[in-house]
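The notes follow the order of the search.

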Amino acid sequence: MQNLKITQERLGEGTRLTGQNVEGTAYELMLPKEGGGILLPEVMTCTERYLTFFLKVKEGHSMAFNLQLFVEGEEKPAFLIRFGILGGIRARICLDLSLMDARLLFPESSVGQQKVVCHGRRVEKQELVRAELVGLPCFHDVAAEIGELVLTDEYPEEFPIPDEKLVDELGQNRKKEWGGKLHGVEELKAALNEQLLLAKKDYPFADWSHYGGWKGKKLTKGTGYFASCKENGKWWLVDPEGYAFFSMGPDCVNVNRDCRVDGIEKWMEWLPAKDDPEYADCYNVDERRAGKDRRRTCTSFSFGQANLYRAFGADWYEKWKTMTAGQLKSAGMNTLGNWSDEKLFGTTQIPYVTSLHRFPGTQDMIFRDFPDVFSEEYEKNAEICAQALAGRKDDPYMIGYFLRNEPMWAFVDNLILADEVLYNPKRTACKEALIAFLREKYGTIDALNEAYGRTLAGFEAFYEPLKKVSEWSGAALEDMKEFSRRMLRAYVGIVSKACRKVDPNHMILGMRWAWISDPDLVTGWENFDVFSINCYAQDPTAAIQNTVDLGVDLPVMIGEFHFGALDAGPEATGLEGVKTQADRGVAYRYYCERAAAHPNGVGCHYFQYSDQFSLGRFDGENYNIGLFDICFMPYTEMMEQVKRCAQRVYLVADGSEEPTTERAEAIPMIAY
């Protein structure tokens, strides 16, 4: 075990040491708004598994930190572990240094810590030239306190947290006041019943079809299902009646059940017993998140459901459904986005998108969640997973379905899948196919050795784990890239074929890539009807155009985007930050109208319907990104802009009007 002291020499650029407590174990730092922190050279040579320390951010908002690891010749970190922490809360942080093998994207967070995420490629200790713990850029200098830094092989037995109330009886952040915040159960009842009375059944625009399409542009006769159409170089979606359709709406339209409470129960002003007959159904224990390598059992409470029950009584769900459908339609939102409550599908007269309930996997994975795609097991599992579409194949309100969301393997920029096949010690079907590919191309091992600059004894050498074969030579790189593309074609093609066999009526909406981390990710786009990306930015134009420039001739749908602020609700902005709730609305409109104006843009879905829990959802995200807060009250200024956008979006998409030029002032994100 090593104890680390903070010294002046450890401080990163711009970071100031402002104090030290009397015991000499805690140090006060001022982190510059550009981002700053401390150097940790011991991490580069240590044999211990964990870096632990106590951390407190002396601000009224959350903060994100990185443990950043650098290698020779690269300006950016080759690997980093990002984590979040609540403002004003002293908590023990534990970072697992064995995660440098890149096996996990989302490790488990500890009590008092927010979400943890790993970015970058696999690195080894001997490669490292610098290690640093830094706070991410913020909109101001940040005061922090850090202490008791230890490198150890022992996982901490305790994660102490302060004894104070951070959430009120309605699940709201107690540390903030904002317009629309409710104070007590009686205000909740009155406000939600008023929202229910205001609910309308129809869209507010006379030129919109029953499905939310635009009667001003009839593109086809209509097939009874949603489809796509290209007219004069512009892609459109087409509603079942043949009208032009631009898809707008929130993801996760549901009664949130993932306010994580295990280990932090004392931070709640009110939390009923798990066996309370009125609220037992509000609890959820997610055993899936308590499996391998997990030390916590994820226990969540639905403050949303509890609030609806207290306002509406036993028939709370039907009243919520009526209220929500009315709120969304009144704002001109014509789509229920991904992960919405399936009981809303076909019962609200709002079109929807969905995903396969489960994307096919295999017992032996290649890297993270990439399956052994050339195995019979993958093909059989694809057929099984596709059966989930059978029940909705005749539903006219279903726009289409995504095959999956943000594959974890694709978070590594420029990942070469064939390299991972050869690094993986398993004798997978992909490895057999890769060796067969090399045998067919080179014929003899001597010919391969000449091309690769090696002295391998035979093709059997590829059965042993080999590192970064693509770096052996130019020919090796070309071969590994080509075989990776073959893997990608199988990855998307096999499951697409299985799905079309079960459901020939609806569009395949693609994979919802988190970003195009390598140009080859578009391989196999011909299997889709729509290409989907998630795009967190102020303006989606460049991301859509990048997809087109890579050769994809399809409509492009954005599955996720959002904007958060710090003047209401939870204390982190999410992946795009702005100053105020009014700015969130301005940013929303600017984004959507630019998506509509692009020749390939056919929809953008806002993430998400309601705020995340201020103390963190199942994985620790606590973002102010909802159209509604945890009490289902709309953020009025934002919803006004949502409606303004919907009112003219078809004219913008058709080129009759220019997209708005009004932009919100951005601030650095607080997200993890």
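**Cysteines**

I searched for disulfides and the count came to zero. The model is a predicted one, and I read the entries below with that in mind.

I then looked up Cys 94, which is in no disulfide. The nearest cysteine sulfur to that of Cys 94 belongs to Cys 46 and is 12 Å away.

I next checked Cys 592, whose closest cysteine sulfur is that of Cys 604, at 3.4 Å. I noted this distance as too far for a bond, because a disulfide requires the sulfur atoms to be within 2.5 Å. Cys 592 counts as buried, at 0% relative accessibility.

**Aromatic pairs**

How many aromatic pairs does a search of the whole structure find? I recorded 44.

I looked up the pair of Trp 320 and Tyr 609, whose ring centres are 6.3 Å apart. I checked the accessibility of both partners: Trp 320 is buried, with a relative accessible area of 0%, and Tyr 609 counts as buried at 0% relative accessibility.

I turned to Tyr 588 and Tyr 606, with ring centres 5.9 Å apart and planes at 65°. I classed this pair as edge-to-face because an angle over 60 degrees counts as such. Tyr 588 lies in helix H10 (residues 581-597) and Tyr 606 in strand S26, so the pair ties together parts that are 18 residues apart in sequence. I found Tyr 588 to be buried at 1% relative accessibility, and Tyr 606 to be buried at 0%.

**Cluster and charges over rings**

Which residues form one aromatic cluster? I listed Trp 270, Tyr 279, Tyr 283, Phe 301, Phe 303, Tyr 309 and Phe 613.

I also looked for charges over ring faces. Arg 454 lies over the face of Trp 472, and I noted 4.2 Å from the ring centre. I made a further entry for Arg 584, which lies over the face of Tyr 635 at 5.2 Å from the ring centre.

Notes: Residues are numbered from 1 along each chain as its sequence is written. This is a predicted model: local features need pLDDT of at least 70, side-chain atom pairs count only at pLDDT 80 or more; totals for chains, interfaces and linings use all residues. Side-chain values use heavy atoms; hydrogens and water are left out. Rings of Phe, Tyr and Trp (its six-membered ring) pair if their centres lie within 6.5 Å; planes under 30 degrees apart count as stacked, over 60 as edge-to-face and the rest as tilted. Buried means under 20% relative accessible area, exposed over 50%, partly exposed in between (1.4 Å probe, protein chains only). Helices (H or I, at least four residues) and strands (E, at least two) are DSSP runs, numbered from the N terminus. A charge sits over a ring if NZ of Lys or CZ of Arg is within 6 Å of the ring centre and within 35 degrees of the ring normal.
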